[in-house]
Amino acid sequence: MAANATNKPSQLLPLELMDKCVGSRIHTVIKSDKEIVGTLLGFDDFVNMVLEDVTELEITPGGRFTKLDQILLNENNVTMLIPGRERPEGNVLR
């Protein structure tokens with residue numbers, strides 16, 4: 001019985017993970033043909049996020065990078081969050 005208790009993986013709720021990411025860089029995939037990388041300053045219960053030192057990556061054949069000081073990202077646009085990832089690997093974003 002005690003062996004099963006030590007094998008149980010720890011569970012982390014999504015908002016707990018977000019809370020651990022405050023102050024860290026995150027990579028955000030949004031619904032449009034863009035991805036956003038920035039430092040998470042804060043978020044609310046709906047996962048609306050405030051990011052600073054932001055790079056917006058446009059997923060097009062030419063691919064365009066836009067630098068922004070600070071943004072408010074609406075949760076309706078978020079598809080996926082990747083904590084601790086500075087930028088996409090390689091030249092291709094997807």
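Reader: What makes the pairing of the Glu-35 and His-27 side chains a polar contact?

Author: In this predicted model, the side chains of Glu-35 and His-27 come to 2.6 Å. A polar contact is a pair of N or O atoms within 3.5 Å; within protein, one must be able to donate a hydrogen and the other to accept it, and residues adjacent in sequence count only if both atoms are side-chain atoms. The pair at 2.6 Å therefore counts as a polar contact.

Reader: Why is Glu-35 called buried?

Author: Its relative accessible area is 2%. Buried means under 20% relative accessible area, exposed over 50%, and partly exposed in between (1.4 Å probe, protein chains only). Glu-35 is at 2%, so it is buried. Glu-35 lies in strand E2, and seven of the ten residues of E2 are buried.

Reader: Good to know! What should I keep in mind about numbering and confidence before going on?

Author: Residues are numbered from 1 along each chain as its sequence is written, and side-chain values use heavy atoms, with hydrogens and water left out. Since this is a predicted model, local features need pLDDT of at least 70 and side-chain atom pairs count only at pLDDT 80 or more, while totals for chains, interfaces and linings use all residues. pLDDT is the predictor's confidence in each residue, from 0 to 100. The mean for the protein chain is 83, and 80% of its residues reach 70 or more.

Reader: Where does pLDDT stay under 50?

Author: That happens over residues 90-94, for which the model has ten contacts beyond four places in sequence. Contact means heavy atoms within 4.5 Å. Where pLDDT is low, the predicted coordinates should not be read in detail.

Reader: How do you know which stretches are helices and strands?

Author: They are DSSP runs, numbered from the N terminus: helices are H or I over at least four residues, and strands are E over at least two. The protein chain has two helices and five strands, and from the N terminus on they run α-α-β-β-β-β-β.

Reader: What makes E1 and E2 a pair?

Author: Two strands pair if DSSP finds at least two bridges between them. Strand E1 (residues 25-30) and strand E2 (residues 34-43) have five bridges in the antiparallel sense, so they pair. Arg-25 stands opposite Thr-39 in E2, and the bridge partner of Thr-28 in E2 is Ile-36. E1 and E2 form a hairpin with three residues between them. On to E3: eight bridges join E2 to E3, which run antiparallel, and Glu-35 stands opposite Leu-57 in E3.

Reader: Why are E4 and E5 described as standing at the edges?

Author: The five strands form an open sheet in the order E4-E3-E2-E1-E5, with antiparallel pairing. Strand E4 (64-73) and strand E5 (78-83) each have a single partner strand, so one side of each is left without a neighbour in the sheet. Neighbouring strands are turned by 25° against each other on average, direction ignored. Across E1, E2, strand E3 (49-58) and E5 lies helix H2 (residues 14-21), running at about 85° to E2. Axes here are lines fitted to C-alpha atoms, for helices over the stretch in contact, and angles run from 0 to 180 degrees between N-to-C directions.

Reader: What makes a set of residues a nonpolar core?

Author: It is a set of buried Ala, Val, Leu, Ile, Met, Phe, Trp, Tyr and Cys residues joined through side-chain atoms within 4.5 Å. The largest one has twelve residues in all, among them Met-18, Cys-21, Ile-26, Leu-51 and Val-78. H2, E1, E2, E3 and E4 each give two or more residues to this core, and the largest share, three residues, comes from E3. Leaving aside neighbours within four places in sequence, Leu-51 is in contact with residues including Ile-26, Ile-36, Leu-40 and Ile-71.

Reader: Is Thr-28 buried or exposed?

Author: Its relative accessible area is 0%, so Thr-28 is buried. Thr-28 sits in strand E1, and its contacts beyond four places in sequence include Glu-35, Met-49 and Leu-81.
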